[in-house]
Amino acid sequence: MRTKRLVLMALLTAIALTIFWVEQQFPLPIPIPGIKLGLSNIVTLFAIVFLGWREAAVILIMRITLGAIFTGQPVTFFYSMAGGICCLMAELLLYIHLKNKFIWAISAVGAMVHNIAQLFVAVLVTKTLAVFWYLPFLLIAGIISGIFTGLCVQILASTAWNSIHRLLR
């Protein structure tokens, strides 16, 4: 059983890293820095639902670390790690109370928390509070992208629940 979980974690990390890398190659046509879909959060939420918080945290940390290395952008490591860890904690807390019924809402809140955490890192890096002018735009984008990624996981969870649990036995 441990081997199956480890292999699944490695596959999910590779999938999340691939999604992250592809998303970096095709920026959104929105003239606001920092807005992206955050599709790799699909994998993190999937891991929360099917594997647990420890495994989800390992997958997230590995994806962020490898993503910073492979894209050659070490500065993004701090933004991504702060946003990712805060998002994961928010999603975990909400998932404990809401479970599978509201994964789309959990994801939307997680995306907003991710954006807020990244703004705090931006304040530390730039030494100015002016970056908070982006907050309304980032929150709107976070809600939209969070609902989308959450719905992807919610549909996956509802259609593949039995198959995935059989795989993990």
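Trainee: Which residues is Leu138 in contact with, leaving aside its neighbours within four places in sequence?
Mentor: Leu138 is in contact with Pro33, Gly34, Ile35, Asn115 and Leu119. Contact here means heavy atoms within 4.5 Å.

Trainee: Before I go on, what kind of model is this?
Mentor: This is a predicted model, where local features need pLDDT of at least 70 and side-chain atom pairs count only at pLDDT 80 or more, while totals for chains, interfaces and linings use all residues. Residues are numbered from 1 along each chain as its sequence is written, and side-chain values use heavy atoms, with hydrogens and water left out.

Trainee: Thanks! Back to Leu138: is it buried or exposed?
Mentor: Leu138 has a relative accessible area of 7%, so it counts as buried. The cut-offs are under 20% for buried and over 50% for exposed, with partly exposed in between (1.4 Å probe, protein chains only).

Trainee: And where is Leu138 found?
Mentor: In helix H6. Helices (H or I, at least four residues) are DSSP runs, as are strands (E, at least two), and they are numbered from the N terminus. The C-alpha atoms of Leu138 and Asn115 are separated by 6.3 Å, though the two are 23 residues apart along the chain.

Trainee: New topic: which residues touch the most other members in the largest nonpolar core?
Mentor: Those are Leu12, Ile48, Val49, Leu51, Ile59 and Leu88, out of 27 residues in that core. A nonpolar core is a set of buried Ala, Val, Leu, Ile, Met, Phe, Trp, Tyr and Cys residues joined through side-chain atoms within 4.5 Å.

Trainee: Which helices supply at least two residues of this core?
Mentor: H1 (2-25), H2 (41-50), H3 (53-71), H4 (74-98), H5 (103-126) and H6 (135-168) each do. H2 gives the most, with seven residues.

Trainee: What does Val49 contact, its neighbours within four places in sequence aside?
Mentor: Tyr95, Asn100, Ile103, Val153, Ala157 and Trp161. Apart from this core lies another, of eight residues, including Ile35 and Leu119.

Trainee: Let's switch to charges. How many salt bridges does the structure hold?
Mentor: One. Arg5 forms it with Glu55, and the closest N and O atoms are 3.2 Å apart. The pair links distant parts of the chain, with Arg5 in helix H1 and Glu55 in helix H3, 50 residues apart. The term means a side-chain nitrogen of Lys or Arg within 4 Å of a carboxyl oxygen of Asp or Glu.

Trainee: Are Arg5 and Glu55 buried or exposed?
Mentor: Both are buried.

Trainee: Last one: how many aromatic pairs are there?
Mentor: Four. In one of them, Phe77 and Phe78 are edge-to-face, at 5.4 Å centre to centre and 80° between the planes. Rings of Phe, Tyr and Trp (its six-membered ring) pair if their centres lie within 6.5 Å; planes under 30 degrees apart count as stacked, over 60 as edge-to-face and the rest as tilted.

Trainee: Why is Phe78 called exposed?
Mentor: Because its relative accessible area is 55%. Phe77 has 24%, so it counts as partly exposed.

Trainee: What about Phe120 and Phe132?
Mentor: They form an edge-to-face pair too, 5.3 Å centre to centre with 75° between the planes. Phe120 is in helix H5 and Phe132 in the loop between H5 and H6, twelve residues apart.
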